[in-house]
Amino acid sequence: MKKLILTIVAVVMSIAAFAQSPALIKDEGGYTNVRKGPGTSYSIVEKLKDGMPISYKRSSTSGWYKIYYIGGGNSDAFIGYVASSKVVVPKRQGAWKYVGQVKPEGGYTNIRKGAGSSYDIVGKVKDGSYILYSRSSNGWYKVYTQSGAFRGFMSASKINMTESPAF
């Protein structure tokens, strides 16, 4: 029995070691370098637009994450390493379930206090930005900050639904 339990624990741990988690590249208004290895001495293999959704795994080298594409034709493709300080990992797991893009209509989209256009505006998001959200009701979705904190509600019609679920 003890051997069976140890085997089950080993299998679960090995699966967890390969699991990818959803995140975003920190939105600082530019691009983030993706490197061939876990350190600044490695060459740059790609530049990702800040705010882009990715999936990641912790690297064996402290301070670096292995980065994978999320969604589209490159789903789950390994692309390289990024400094952990450039990755936004949700602090509250389970609060948001999707990474989406605000439809690029050339302006800003309102975030409201409640699920409806009659509620006060509590913030705005630049069109084309990536957001964290979860489905709500009546055509409105809950929107979260990049750190995973609840921010407000956004009309579902303003979110590009071609993005993949984060979980």
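Is Y65 buried or exposed? Keep that in mind while you get set up, and remember that you're looking at a predicted model.

Start with Y65. Its relative accessibility is 7%, and because the cut-off for buried is under 20%, Y65 counts as buried.

For a second ring pair, pick Y133 and Y141. This one is stacked: 5.3 Å from centre to centre, with 10° between the planes. Y133 and Y141 are both buried.

Next, switch to cartoon view and colour residues 130-135, strand β11, and residues 140-144, strand β12. The two strands run antiparallel and are joined by four bridges. Zoom in on R135 and you'll find Y141 of β12 standing opposite. Follow the chain around the hairpin: four residues separate β11 from β12, and in that turn N138 has a positive phi of about 55°.

Then look at another partner of β11. Select residues 98-102, strand β8, which pairs with β11 in the antiparallel sense through four bridges.

Last stop: back to rings. Select Y68, F78 and Y81, which ring pairs link into a cluster.

Terms used
Residues numbered from 1 in each chain as written. Predicted model: local features only at pLDDT ≥ 70, side-chain atom pairs only at ≥ 80, totals over all residues. Heavy atoms only, no water. Pairing = 2+ DSSP bridges. Buried < 20%, exposed > 50% of the residue type's maximum accessible area, 1.4 Å probe, protein only. Phe/Tyr/Trp six-rings, centres within 6.5 Å; stacked < 30°, edge-to-face > 60°.
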